[in-house]
Amino acid sequence: MTLAAVTGRFQPVHAQHLELFALALAEHDHLVVAVTNPDTAARHLAATSAHRHTDEANPFTYYERVRLLDAALAAAGLADRTTVVPFDLTRPQVWAEYVPREAVHYVRAYSAWESDKAGRLADGGYRVVVVDGDPAVKLDAAAIRARFADGTWRELVPPATVPVLAELLA
């Protein structure tokens, strides 16, 4: 069995995350969805991303993000080929306890942060496939979160996650 991995905060999960999952699964038998910043202790300022560690950029707990991912993966028909795990990017010494070393990490690079993350994963002993991302068409989770206040976020997330997100935002 070949194994792929995709890391991300998934705050919240959106269509471009699902596209990357499908891309990885087109080449591999199983996908590990590795949720970064799984708890508040894992949040650290990164030189290439000024917001990743902030409370505003991390409104959902690990448990809530797993609920969102489970809904999205099931609706996309990917649940039986995926495993969701926590993944603290600040603790490379334990990465292999969550994502086996034979996993190939897929990183879509829109900015310096994703390139930095790909480098960290490679330095940690993983094979990494960098997928070029066009910043002009990036679906930014920050833009989705900005729409939580006025309720116009629904069309920006996978339909299966709407009831879960609505409950979490209530």
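Which residue's side chain meets that of Asp-116 in a salt bridge? Select Asp-116 and Arg-120: their side chains form that salt bridge, at 3.1 Å from N to O. A salt bridge here is a side-chain nitrogen of Lys or Arg within 4 Å of a carboxyl oxygen of Asp or Glu.

This is a predicted model, in which local features need pLDDT of at least 70 and side-chain atom pairs count only at pLDDT 80 or more, while totals for chains, interfaces and linings use all residues. Residues are numbered from 1 along each chain as its sequence is written, and side-chain values use heavy atoms, with hydrogens and water left out.

**Stop 1: salt bridges**

Remain at helix α3, where Asp-116 and Arg-120 are four residues apart and so separated by about one helical turn. Helices (H or I, at least four residues) and strands (E, at least two) are DSSP runs, numbered from the N terminus. Asp-116 counts as partly exposed at 25% relative accessibility, and Arg-120 is partly exposed at 29%. Buried means under 20% relative accessible area, exposed over 50%, and partly exposed in between (1.4 Å probe, protein chains only).

Next, select Glu-114 and Lys-138, whose side chains meet in a salt bridge of 3.7 Å, N to O. This pair links distant parts of the chain, with Glu-114 in helix α3 and Lys-138 in the loop between β5 and α4, 24 residues apart. Glu-114 is buried, with a relative accessible area of 10%, whereas Lys-138 is partly exposed, at 33%.

Glu-19 belongs to helix α1 and Arg-108 to strand β4, 89 residues apart. Glu-19 is partly exposed at 43%, and Arg-108 counts as buried at 15% relative accessibility. A search of the whole structure finds five salt bridges.

**Stop 2: the nonpolar cores**

Select Phe-21 and Leu-69. Of the 32 residues in the largest nonpolar core, these two touch the most other members. Such a core is a set of buried Ala, Val, Leu, Ile, Met, Phe, Trp, Tyr and Cys residues joined through side-chain atoms within 4.5 Å. At least two residues of this core come from each of β1 (3–8), α1 (15–27), β2 (30–35), α2 (62–75), β4 (104–109) and α5 (162–169). Helix α2 gives the most, with six residues.

Display the surroundings of Phe-21. Leaving aside residues up to four places away in sequence, Phe-21 touches Val-6, Phe-10, Leu-31, Val-33, Leu-69, Leu-73 and Leu-78, a contact being heavy atoms within 4.5 Å. A second, separate core holds 15 residues, including Val-32, Leu-89, Ala-118 and Tyr-126.

**Stop 3: aromatic pairs**

Rings of Phe, Tyr and Trp (its six-membered ring) pair if their centres lie within 6.5 Å; planes under 30 degrees apart count as stacked, over 60 as edge-to-face and the rest as tilted. By this rule the count comes to five aromatic pairs.

Select Phe-60 and Phe-148, an edge-to-face pair at 5.9 Å centre to centre, with 70° between the planes. Phe-60 lies in the loop between β2 and α2 and Phe-148 in the loop between α4 (141–146) and α5, 88 residues apart. Both Phe-60 and Phe-148 are buried.

Finally, select Trp-95 and Tyr-126, a tilted pair at 6.3 Å centre to centre and 35° between the planes. Trp-95 lies in the loop between β3 (82–86) and β4, and Tyr-126 in the loop between α3 (112–123) and β5 (127–132), so the pair ties together parts 31 residues apart in sequence. Trp-95 counts as buried at 2% relative accessibility, as does Tyr-126 at 4%.
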